[in-house]
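Me: Hi! Could you walk me through this one?

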Amino acid sequence: MNHDPVLATLTAPPPAEEATHRRLHDRLTTAAHAQGLLDVAYRTVDSPLGTLLLAATPQGLVRVAYAAEDHDAVLRQLAVRISPRVLRAPDRLDTAARQIDEYFRKRRTAFDLELDLRLSHGFRRRVLAGLPSIGYGATASYTAVATAAGSPKAVRAAGTACATNPLPIVLPCHRVVRSSGAIGHYIGGARAKQRLLDLESTA
Amino acid sequence: MSLKPFEEVVAEHGPTVLRVCRAVLGPHDAEDAWSETFLAALRAYPDLDPRANTEAWLVTIAHRKALDQHRARARGPVPTDHITDTPAPDSDPHIHHDDLWDALKALPPKQRRVLAYHHVAGLPYAQIARILGGTEQAARRAAADGIKTLRTTHGKGTPR
């Protein structure tokens, strides 16, 4: 039976036809978008801080993730928290990818993107929403950020909001530092935070 | 248990479903059937039981799409000089150099489907009986008959 050419051909693993599958995949994402079935679109983008994952809902950019967060794990979280209709659809994130690239090339100091803040709630969301008001190249303390969000005593909670920022870089939590001058924790690691601060401080 | 991103479903099962569509419909219609299958699957995906056999679920959808295509074809006029504007799907060397897929097309529809679902997609006969209707024994027999025919029309004298 094993040498039967008929069975051998039928049961052979599918050949790798990358061009065909890429074409079919593009056709699927285009149709899915047209029919309102593309709940989460994603792509990756290269940056000086490694490969970043960008994900968007029809409302806007919903997630930026560093490689250290494990992009596969992030996509699985999005499938659970938003919708399992998750597809790689680079076109839908062209604008976000271009703006992030411009930011790292120092051609952009603020982002102009539709954002979907549904992954954070309550006080954390207020903290995150206030972050863009810390100007490019400037820093603020956790206390100042907590105060701006309406709870001057919630300094630790402000720290947690920054540490769990679903949209790092775009919502500039890297500009929030400790009053002592220490730079504090960062979702992409302390080194990434320092590099972003350095990038913004050099003229 | 929760559903994984649909992208993983496409990556894992896309190639096999395409082969099933080719075995059942031939290379020309296979890509349309594949696209309709995955679009319908994407629509229904949030309601899928995470413990379900994803491949059997996709083959079931592909099966219905293939039946739809046959019905549409029976109703509409058949194009004689069909020219595709996409890069020819049948230019794929795997198909081109293998007349087994042509031989498959000559089989009765039920045999062709059973062979595709069992040998290409790897589904057990009991599952195939649920998709096609009928009994497990009947599915098993259709597969045996199909293989027998293929051996005489195709397999004979072409060892590799």
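Me: How far apart are the end C-alpha atoms of residues 41-117 of chain A?
Reply: They lie 15 Å apart, and the span is 29% helix and 31% strand. Here helices (H or I, at least four residues) and strands (E, at least two) are DSSP runs, numbered from the N terminus. This is a predicted model, where local features need pLDDT of at least 70, side-chain atom pairs count only at pLDDT 80 or more, and totals for chains, interfaces and linings use all residues. Residues are numbered from 1 along each chain as written, chains are lettered from A and ligands numbered from 1 in written order, and side-chain values use heavy atoms, without hydrogens and water.

Me: Which UniProt annotation covers that span?
Reply: The unreviewed UniProt entry labels residues 41-117 of chain A "domain: Methylguanine DNA methyltransferase ribonuclease-like". Such annotations may be inferred rather than shown by experiment.

Me: Where does S141(A) sit?
Reply: S141(A) belongs to strand β5 of chain A, residues 140-141. Its side chain reaches the backbone nitrogen of A144(A) at 3.0 Å.

Me: And what is S141(A) in contact with, leaving aside neighbours within four places in sequence?
Reply: V176(A), V177(A) and S179(A). Contact means heavy atoms within 4.5 Å.

Me: Switching to chain B, how many helices and strands?
Reply: Chain B has 8 helices and 0 strands, so along the sequence it reads α-α-α-α-α-α-α-α.

Me: How much of chain B is buried?
Reply: Of its 160 residues, 49% are buried, meaning under 20% relative accessible area with a 1.4 Å probe, protein chains only.

Me: What share of chain B contacts with a separation of 6 or more joins residues 24 or more positions apart?
Reply: That share is 68%.

Terms used: Buried < 20%, exposed > 50% of the residue type's maximum accessible area, 1.4 Å probe, protein only. Polar contact = N/O pair within 3.5 Å; in protein donor to acceptor, adjacent residues only side chain to side chain.
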